[in-house]
Amino acid sequence: MTDEQMAAEGTDGQNAPARPLDAIDRDILYMLRTDGRASIRSVAEHVHVSRANAYARINRLIDDGVIRGFTARVDHERAGQGASAYITLKIVQNSWRTVREQLQALPGAAHIALVSGDFDVLLLVHTPDNRTLRELVLTKLQSIPEVLSTRTLLVFEETDLDPVPDLP
């Protein structure tokens, strides 16, 4: 399948139409976003279904790609990653897939987005210190041939937002 065909069908070839979510599915997602370690029993009790039903629904949400994984929310500073930055990149036209692969391999890369506007890519990185951040930008990012320019925005303070329930 060509990149153009994949783009026409959806990201990375996932072309199956998403099944609609009902109120129970949305409640399960809210609960798991709030506490990814919630037990099946507590999820079932919270959304008023049997444990078997909760288990089946969670597995369906995983199989459908709605739930992409489970993770911990990390305090990057306490984890030894005291320098964070958003880096904007301008890239060569039609080089997104190549650049994305190289950005994913960068140490400290936390989030990558293809965006519209004055730049093409928004990259969030966490590094131990400013020296490491500088090296990442000046030697790793700027050595990618498809990267035309970068702009680094230092993060002075950040706050993760707790999930809010979806409205019916």
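This is a predicted model: local features need pLDDT of at least 70, side-chain atom pairs count only at pLDDT 80 or more; totals for chains, interfaces and linings use all residues.
How many nonpolar, polar and charged residues are in the lining of the second largest pocket?

Residues are numbered from 1 along each chain as its sequence is written, and side-chain values use heavy atoms, with hydrogens and water left out.

To the question, then. The lining of the second largest pocket has seven nonpolar, six polar and six charged residues. Here Ala, Val, Leu, Ile, Met, Phe, Trp, Tyr, Cys and Pro count as nonpolar, Asp, Glu, Lys and Arg as charged, and the others, Gly among them, as polar. In total 19 residues line this pocket, and Val74, His76, His126, Glu158 and Asp160 lie nearest its centre. Two or more lining residues come from each of the elements β1 (83-91) and β3 (121-127). The volume of the second largest pocket is about 520 Å³. On a 1 Å grid over the protein atoms alone, a pocket is an open set of points where a 1.4 Å probe fits, with protein on both sides within 12 Å along at least five of seven lines, and lining residues have an atom within 4 Å of a point. Grid points are joined across faces, edges and corners, and the volume is the space filled by probe spheres set on the points.

Let me turn to the overall architecture. The chain has six helices and four strands, in the order α-α-α-α-β-α-β-β-α-β along the sequence. Helices (H or I, at least four residues) and strands (E, at least two) are DSSP runs, numbered from the N terminus. Of the 168 residues in the chain, 27% are buried, where buried means under 20% relative accessible area, exposed over 50%, and partly exposed in between (1.4 Å probe, protein chains only). Among contacts between residues at least 6 apart in sequence, 64% join residues at least 24 apart; a contact means heavy atoms within 4.5 Å.

Next, the helix packing. Helix α2 (residues 23-34) packs on helix α4 (residues 51-63) at an angle of about 80 degrees, with the axes 11 Å apart. Axes are lines fitted to C-alpha atoms, for helices over the stretch in contact, and angles run from 0 to 180 degrees between N-to-C directions. The two helices, α2 and α4, are therefore roughly perpendicular, a label given to angles of 65 to 115 degrees, with those under 35 roughly parallel, those over 145 roughly antiparallel and the rest oblique. In this contact, Ile24, Asp25, Ile28, Leu29 and Leu32 of α2 meet Arg57, Ile58, Arg60 and Leu61 of α4. By class, the residues of the contact of α2 with α4 are six nonpolar, no polar and three charged.

Helix α3 (residues 40-47) also meets α4: the axes come within 8 Å and cross at roughly 105 degrees. That makes α3 roughly perpendicular to α4. Ile40, Arg41, Val43 and Ala44 in α3 meet Arg51, Ala54, Tyr55 and Ile58 in α4, and the contact divides into six nonpolar, no polar and two charged residues.

Which residues does isoleucine 87 touch? Isoleucine 87 is in strand β1 and counts as buried, at 0% relative accessibility. Leaving out residues up to four places away in sequence, isoleucine 87 touches Val121, Leu122, Leu123, Val125, Leu133, Leu136, Val137, Leu141, Thr150, Arg151 and Thr152. Its C-alpha atom is separated by 8.4 Å from that of leucine 154, 67 residues apart along the chain.

Threonine 88 is also in strand β1 and is buried, with a relative accessible area of 8%. With the same exclusion of residues up to four places away, the contacts of threonine 88 include Phe119, Val121 and Ser149.

Leucine 133 sits in helix α6 (residues 130-140) and is buried, with a relative accessible area of 4%. Among the residues that leucine 133 touches, again beyond four places in sequence, are Ala85, Ile87 and Leu154.

Finally, the backbone. Most residues other than glycine have a negative phi. Histidine 48, in the loop between α3 and α4, has a positive phi of about 60 degrees and counts as exposed at 72% relative accessibility. Asparagine 94, in the loop between β1 and α5 (96-104), has a phi near 65 degrees, also positive, and counts as exposed at 79% relative accessibility.
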